[in-house]
Amino acid sequence: MAWRNHSTITEFILIGLSDDPYIEALLFVFFLGIYLLTVMGNLMLLLVIRADSRLHTPMYFFLSNLSFMDLCFSSVTVPKLLKDLLSEKKTISVEGCLTQVFFVFFSSGTEACLLSVMAYDRYAAICHPLLYGQVMSGQFCVKLVLISWGLACLNAFVIVLLAINLDFCEAQTIHHYTCELPALFPLSCSDISITTDILLSSSLLHGLGTFLPIFFSYARIISTILSISSTSGRSKTFSTCSSHLIAVTLFFGSGFLCYLMPPSGSSLDFLISLQYSAVTPLLNPLIYSLKNKEVKAAVRRTLGKYL
């Protein structure tokens, strides 16, 4: 997919997180640690779910897909960030920029869809337990995952088409540490009003389209939990979806701030983006490992088997 011929820019310059070599060295160690923990945590979760037959259920099938997308999401931005922290000149080619934009939206969009699917899974398990096995069949679960991947890919493709239709004449410094589409808008010498509207509409459509099913699922879940007479029963039922609820809050909270707030190039923009793309993929396996008794038991069984 080629850039338009009348655009004279062949690469962009990223301002990065700092221009102080000592701070960059500290940041490199910090984000390298985050990335290694993210990779190990998500790979461990994938291994445990794969190895333990007790976790071969719809909930953990969706969780394994979420862990895989967390690996992809983190790998789209963090390795390039680490490279730039060790480089004096932080550049990215136009093709590399487009590729990064596509995979950021693809991986984050798939995560949003998967979190929505997982909310429906919890709704089916809690509100219709007798029909759960029939509703959440293996074939249906695979279809939901494939639809999640397909919708996210379509949304990312539309967004990359927006970037391709932008003209860049002189300015080439991106006031960000990564290649995000909103950060490219100030560099364009073409009219971006329609492009901005389409991006906002696309983000709202995909964001609300995945968030509203979560909202309505949890409205029914909470209603069902409140109808349970015993306190221990309510607590036990709620514990089955508390990990997912925390993951949803982290992902959608930072995601809406990242893409619906106008870019200002401030430190707050950087912090929100880093939390969204680097920290959340690290926290998800920790949340599901520490708050889920089945996963903790499976980790012990798996470690005991291999060690």
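Before the details, some ground rules. The model is predicted, and local features need pLDDT of at least 70, side-chain atom pairs count only at pLDDT 80 or more, while totals for chains, interfaces and linings use all residues. Residues are numbered from 1 along each chain as its sequence is written, and side-chain values use heavy atoms, leaving out hydrogens and water.

I will start with the overall layout. The chain has 10 helices and three strands; both are DSSP runs numbered from the N terminus, helices being H or I with at least four residues and strands E with at least two. From the N terminus, the order is β-α-α-β-α-α-α-β-α-α-α-α-α. The radius of gyration is 21 Å, close to the 19 Å from the globule rule for 307 residues, so the chain is as compact as a globular protein of that length. That radius is taken over C-alpha atoms, and the rule is 2.2 Å times the number of residues to the power 0.38. Of the 307 residues, 49% count as buried. Buried means under 20% relative accessible area, exposed over 50%, and partly exposed in between, with a 1.4 Å probe and protein chains only.

Next, the helices. The unreviewed UniProt entry annotates several stretches as "transmembrane region", including 60–78 and 140–164; such annotations may be inferred rather than shown by experiment, feature names are shortened, and positions are given in the numbering used here. Residues 60–78 are 100% helix, with end C-alpha atoms 26 Å apart. Residues 140–164 are also 100% helix, and there the ends lie 36 Å apart.

Now the cysteines. How many disulfides does a search of the whole structure find? The search finds one, where a disulfide is a pair of cysteine sulfur atoms within 2.5 Å. Cys 97 is joined to Cys 179, with S to S at 1.7 Å. The link is left-handed, with -55° about the S-S bond. Cys 97 lies in helix 3 and Cys 179 in the loop between strand 3 and helix 6, so the pair ties together parts that are 82 residues apart in sequence. Cys 97 is buried at 2% relative accessible area, and Cys 179 is buried at 1%.

Two other cysteines deserve a mention. Cys 72 is in no disulfide, and the nearest cysteine sulfur, that of Cys 153, is 13 Å away. Cys 72 is partly exposed, at 26%. Cys 127 is in no disulfide either, with the sulfur of Cys 241 nearest at 9.4 Å. Cys 127 is buried, at 16%.
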